[in-house]
Amino acid sequence: MANFEESNPLLPKQPQEFEATKDEKKPTAKNGAAHPPAAVSIGWTADGLPVGEVHMQRSQWDSGIFACLGRTDEFCSSDLEVCLLGSIAPCLLYGSNVERLGSTPGTFANHCLPYTALYLIGNSFFGGNCLAPWFSYPTRTAMRRKFNLEGSCEAFSRSCGCCGSFVEDEVHREQCETACDFATHVFCHPCALCQEGREVRRRLHHPGFNTRPVLAMIPPGGQTMGRLG
């Protein structure tokens, strides 16, 4: 799994440093409050693990993994679209999620087509979509790191109050979270894709909407001179 993460273009490149800017616009959470800032890590190892101790509050996912229809807010219609795509065309939903997350040309086709091939092979020879989750789970890891989202392992530790020392270790925690991301895609693949789709649509605009506006110059209409009496 580690080698596949290294080649994934959505995961942070190593080594990489992030700088927080003061003018950066903070997205809003459910109750209108600002999301906690993204995690600032000192660097990344060859296996994609963070280096250095970062004590920063992580934000929650905007919706639960089993909230199939999303929430009744301004993104309600988008949530219904995500649910429909996740049910009948997961390859399109996955490609759309990666396109928004990567924001680079060709991202949709480069991920949608391999996913479709694995989807067809899995359903033809194994009777289910059992191969595509191995290809798509790094997207959840990249999204969790990009938005500083709380992972399943950390959420379980917070709810039950156990494994505190294990979660405090950044390297062990990230290994556990990556394994949880993989398990989530394997056992709850459609729900995981839909949750990621709802999250990325609330946080990022579609790359096609970031183009510069085109100014159209309209020539003035024909002018006529009136005859003086």
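This is a predicted model: local features need pLDDT of at least 70, side-chain atom pairs count only at pLDDT 80 or more; totals for chains, interfaces and linings use all residues.
The mean pLDDT of the protein is 77, and 63% of the residues score at least 70. In residues 14–22 the pLDDT is below 50, and this stretch has 12 contacts in the model beyond near neighbours in sequence. For residues 38–42 the pLDDT likewise stays under 50, with 18 contacts beyond four places in sequence.

Helix α8 spans residues 170–187.

| Helix pair | Residues of the partner of α8 | Axis separation | Angle |
|---|---|---|---|
| α6 and α8 | α6: residues 152–160 | 7 Å apart | about 105° |
| α5 and α8 | α5: residues 132–146 | within 8 Å | roughly 135° |

With an angle of about 105° to α8, α6 is therefore roughly perpendicular to α8. On the α6 side, the contact is formed by Ser152, Cys153 and Glu154, while α8 contributes Arg173, Cys176, Glu177, Cys180 and Thr184. By class, this contact of α6 with α8 comprises three nonpolar, two polar and three charged residues.

The axes of α5 and α8 cross at roughly 135°, so α5 is oblique to α8. The crossing of α5 with α8 is right-handed. From α5, Pro133, Trp134, Ser136, Tyr137, Arg140, Thr141, Arg144 and Arg145 meet Arg173, Glu174, Glu177, Thr178, Asp181, Phe182, Thr184, His185 and Val186 of α8. Five nonpolar, five polar and seven charged residues make up the contact of α5 with α8.

Arg173, Glu177 and Thr184 of α8 take part in the contact with α6 and also in the contact with α5.

Terms used:
Residues are numbered from 1 along each chain as its sequence is written. Side-chain values use heavy atoms; hydrogens and water are left out. Axes are lines fitted to C-alpha atoms, for helices over the stretch in contact, and angles run from 0 to 180 degrees between N-to-C directions. Helices (H or I, at least four residues) and strands (E, at least two) are DSSP runs, numbered from the N terminus. Angles under 35 degrees count as roughly parallel, over 145 as roughly antiparallel, 65 to 115 as roughly perpendicular and the rest as oblique. Contact means heavy atoms within 4.5 Å. Ala, Val, Leu, Ile, Met, Phe, Trp, Tyr, Cys and Pro count as nonpolar, Asp, Glu, Lys and Arg as charged, and the others, Gly among them, as polar. A crossing is left-handed if the near helix is turned anticlockwise from the far one by less than a right angle, and right-handed if clockwise. pLDDT is the predictor's confidence in each residue, from 0 to 100.
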